[in-house]
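Subject: Structure for your review

Dear colleague,

Please find below the structure that I am handing over to you.

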Amino acid sequence: MSIEKVKRYFAAYGMEDRIREFSVSSATVALAAQAIGCEPKRIVKTLSFDVGGEPILIAAAGDARVDNAKYKARFGVKARMLSHEDAAEKIGHAVGGVCPFAVNEGVKVYLDESIRRFDTVYPAAGSSNSVIKLTVPELERHSHCVDWVDVCKGWQEENGE
């Protein structure tokens, strides 16, 4: 099970007790925010894409949406999300629990700039009813982030940008 992989990963750092599991679904931004009791924008959604036949993940703030023009400028191809079946197979986590930890070998993880405005965030932890609370530097370190990207829109409006 995917959450077990994530628990083992964080156990190696003495952090497995920070994973929270709920009796309700946290598979969407809204459901996760409700389960935790935080603002939806602090939920990190991890989106899976195909870039030239290779799977990648982009983790973004809950209020951010992928901007197709920015995505194409950064990755050189149109944004094409993986199907539910492909995400589970190629990433190692099923949709609803996709997270940037304990992923299959070769999966590149990118963090979107929309996350940087927070001290702490809540990404999924490998299942549709789990999260882990992390600081942004912890998220960067434990996701083995390849790079920070600016491929989202919608989140700047709140900040007057």
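A search of the whole structure gives 8 salt bridges, a salt bridge being a side-chain nitrogen of Lys or Arg within 4 Å of a carboxyl oxygen of Asp or Glu. Side chains of opposite charge can pair when their charged atoms come close. This is a predicted model, in which local features need pLDDT of at least 70 and side-chain atom pairs count only at pLDDT 80 or more, while totals for chains, interfaces and linings use all residues. Residues are numbered from 1 along each chain as its sequence is written, and side-chain values use heavy atoms, with hydrogens and water left out.

Among the salt bridges is that of Glu-21 with Lys-7, whose closest N and O atoms are 2.7 Å apart. Glu-21 belongs to strand S1 (residues 19-21) and Lys-7 to helix H1 (residues 2-11), so the pair ties together parts that are 14 residues apart in sequence. Helices (H or I, at least four residues) and strands (E, at least two) are DSSP runs, numbered from the N terminus. Glu-21 is partly exposed at 45% relative accessibility, and Lys-7 is partly exposed at 24%. As to these terms, buried means under 20% relative accessible area, exposed means over 50%, and partly exposed lies in between (1.4 Å probe, protein chains only).

Arg-18 and Glu-138 also meet through their side chains in a salt bridge (2.6 Å, N to O). This pair links distant parts of the chain, 120 residues apart: Arg-18 sits in the loop between H1 and S1, and Glu-138 in helix H5 (residues 136-142). Arg-18 is partly exposed, with a relative accessible area of 30%, whereas Glu-138 is buried at 14%.

A further salt bridge joins Glu-113 and Arg-116, with the closest N and O atoms 2.8 Å apart. Glu-113 is partly exposed at 25% relative accessibility, as is Arg-116 at 44%.

I would also draw your attention to Ser-127, found in the loop between strand S6 (120-123) and strand S7 (130-132). Ser-127 has a relative accessible area of 9% and is therefore buried. Its side chain makes polar contacts with the side chains of Asn-129, at 2.9 Å, and Ser-130, at 2.8 Å. A polar contact is a pair of N or O atoms within 3.5 Å; within protein, one must be able to donate a hydrogen and the other to accept it, and residues adjacent in sequence count only if both atoms are side-chain atoms. Leaving aside residues up to four places away in sequence, Ser-127 touches Ile-3, Gly-96 and Gly-97, where contact means heavy atoms within 4.5 Å.

With kind regards
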